[in-house]
Amino acid sequence: MKKVVLLFFAFGLMLSACSKKDAENGLFNEVNGLKEMLQISADTSVFNGAKVDGYFKNKAIKILLPKEIQSIVDKPFVKPILGGLAEELVLKLNRAAEGAALKAKPILKKSINNLNFQDGWNIIWGNEHAATDYFKGETFSDLEQAFRPSIQSELEAVGAQQLWASFSEKYNLLPGVSKLETDLAKYTTEKALDGLFYMMAKEEAEIRQNPKAYSNDLISLIFN
C-alpha cells in the first residue's frame, strides 16, 4: 500500500468512487501529511544542530579543519606547536555553526508553505532523501546568505577570528607549506549547511521507514 494514496485520489476523481468534496479532502490530507513530515524533519534537525555540542559532539557533522591543514597539524614535529590551537579552533568553528543554526527555521518554514503538487509528488514517489533534496534546492542560497553573517559574527564573538590569525601566523612559518588564505566564515558556513542537510536526510529516512513512531495519522497515511 506504500505510496499509493495520491494515485488513489487522482483516479477517484475519474471513477467517481467518491464525491469531488471527498477527493479534495483526501488530497488536502495528503498535502498536510507531507508538510507535517517536512516540518518534523526541519524542526528536529535545526533543534539538534542549535543545541550546545549539536555539531561538536556529533561525529557525523563535526566541523574539522580543512584536510590539507589537519594532515600537517597531525605530523609529530608540528603537533606540539599547533595541536592545542587547532583543537581550540575546531571547537570555536562548531560553536559558530551551533549559534547560527536557528537562522534556518523561518527559511525552511517558507519552503514548506510554498510546496506545490509537483513538489509533493516528487517527494512522495522519490528516494529516501527526496524531501531533503527539495529543501536543499529551494533553500540553499537563502540559508547561505542567512548563515554567513551570523557565523561571521559568532566566529568573532567566540574569538575564532583572532585564533585563526594566531594559528595561520604560526602555520605559515612552517617549512614547505602553502600559505593559508582560507575564508574562515565561508568554510564554516558550507560545513554547517552540509551538517544541517545531513541531519535532515537522516530524520527523513527514519520517518519513511517507521512513520507510525511519530503518532501522526497523516504521515502514516502517506508512508505506510
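1. Basis of the note. The model is predicted, so to speak of local features a pLDDT of at least 70 is needed, side-chain atom pairs count only at pLDDT 80 or more, and totals for chains, interfaces and linings use all residues. Residues are numbered from 1 along each chain as its sequence is written, and side-chain values use heavy atoms, with hydrogens and water left out.

2. Overall fold. The protein holds 10 helices and zero strands, where helices (H or I, at least four residues) and strands (E, at least two) are DSSP runs numbered from the N terminus. Among contacts (heavy atoms within 4.5 Å) with a separation of 6 or more, 80% are between residues 24 or more positions apart.

3. Burial and surface. Of the 224 residues, 44% count as buried; buried means under 20% relative accessible area, exposed over 50%, and partly exposed in between (1.4 Å probe, protein chains only). The accessible surface of the protein comes to about 12,000 Å², and 55% of this belongs to carbon and sulfur atoms, the areas coming from the Shrake-Rupley method with a 1.4 Å probe, with only the protein chains shown counting as cover for residues.

4. Thr188. This residue is found in helix 9, which spans residues 184-209, and Thr188 counts as buried because its relative accessibility is 0%. Leaving aside residues up to four places away in sequence, Thr188 touches Ile63, Leu93, Ile151 and Leu155.

5. The structure holds six salt bridges, each a side-chain nitrogen of Lys or Arg within 4 Å of a carboxyl oxygen of Asp or Glu. In helix 4 (residues 79-100), Lys92 and Glu88 lie four residues apart, about one turn of the helix, and their side chains meet at 4.0 Å, N to O. Lys92 counts as buried because its relative accessibility is 17%, whereas Glu88, at 38%, counts as partly exposed.

6. Glu204 forms a salt bridge with Arg208, with the closest N and O atoms 2.9 Å apart. Glu204 counts as buried at 0% relative accessibility, and Arg208 likewise counts as buried, at 6%. Elsewhere, salt bridges that share partners join Asp53, Lys57, Arg95 and Glu98 into one network.
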